[in-house]
Amino acid sequence: MTTRAATCAIVASVMLTVLSSPSLAGDLKPVAEFVRPAYVAMTLTMLCARDDPWFLTDSSGPRGNPIQYAEHVKNEAIMSLSKADALTVLKKAAEDARHEAQREFHKVVPTQDYRYSQIAGWCRSYVLKFVRNVIKTHDLDHSLRMRHLDRDKRRLGLKSQ
């Protein structure tokens with residue numbers, strides 16, 4: 001399987017999981033919120049990469065492309081969670097990310113009538129800046145973000161690592 005095919009398979013898996021998302025227990029919202037920005041970046045990247053194969057490379061950071069970052073963040077978030085809690089967290093994060101990505105897309109393309117140049121310009125400006133910011137924030141504030149995640153898990157009575 002090619003890297004692009006594997007990447008698409010991961011994205012498809014996450015997005016399919018979202019479709020049957022139940023309501024999230026209020027307690028797990030901080031953990032889902034930890035994942036959400038990376039999932040928004042991944043969703044917007046996949047949208048832009050459909051028509052611009054270089055977008056995935058151009059939006060990459062030191063740890064890889066935005067899809068690899070989303071996988072990394074997901075793994076950090078669900079570490080030590082039960083399978084049921086992990087699934088709930090990931091469904092909520094993916095659902096919120098999908099809604100946020102749709103809202104941002106509809107700001108640029110409010111109707112079904114649009115030109116490719118509108119989307120390409122948006123991808124190369126807003127989306128690229130957003131994705132790079134998510135990656136930069138994750139990398140620069142990593143230890144602080146992990147301490148906050150561990151604190152949130154402890155408050156929930158979840159084992160922290």
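Which residues of the largest nonpolar core touch the most other members? In this predicted model, they are Val35, Tyr39 and Trp122, and the views below start from the overall fold and return to that core.

**View 1. Overall fold and confidence of the predicted chain.** The chain has 7 helices and 0 strands, where helices (H or I, at least four residues) and strands (E, at least two) are DSSP runs numbered from the N terminus. Mean pLDDT, the predictor's confidence in each residue from 0 to 100, is 84 for the chain, with 80% of residues at 70 or more. Where pLDDT is low, the predicted coordinates should not be read in detail.

**View 2. The largest nonpolar core.** Such a core is a set of buried Ala, Val, Leu, Ile, Met, Phe, Trp, Tyr and Cys residues joined through side-chain atoms within 4.5 Å; buried means under 20% relative accessible area, exposed over 50% and partly exposed in between (1.4 Å probe, protein chains only). This core has 44 residues. Helix H2 (29–49) gives the largest share, 13 residues. Tryptophan 122 touches Leu44, Leu47, Cys48, Glu104, Phe105, Val108 and Val127, not counting residues up to four places away in sequence.

**View 3. The salt bridge between glutamate 100 and arginine 36.** A salt bridge is a side-chain nitrogen of Lys or Arg within 4 Å of a carboxyl oxygen of Asp or Glu. The closest N and O atoms of this pair are 2.4 Å apart. Glutamate 100 lies in helix H5 and arginine 36 in helix H2, so the bridge ties together parts 64 residues apart in sequence. Glutamate 100 is buried at 16% relative accessibility, as is arginine 36 at 17%. Glu33 joins Arg36 and Glu100 in a network of salt bridges.

**View 4. The salt bridge between arginine 124 and aspartate 58.** Here the closest N and O atoms are 2.8 Å apart. Because arginine 124 belongs to helix H6 and aspartate 58 to helix H3, the pair ties together parts 66 residues apart in sequence. Arginine 124 is partly exposed at 32% relative accessibility, and aspartate 58 is partly exposed at 28%.

**Notes.** Residues are numbered from 1 along each chain as its sequence is written. In this predicted model, local features need pLDDT of at least 70, side-chain atom pairs count only at pLDDT 80 or more, and totals for chains, interfaces and linings use all residues, while side-chain values use heavy atoms, with hydrogens and water left out.

How values were computed
Contact = heavy atoms within 4.5 Å.
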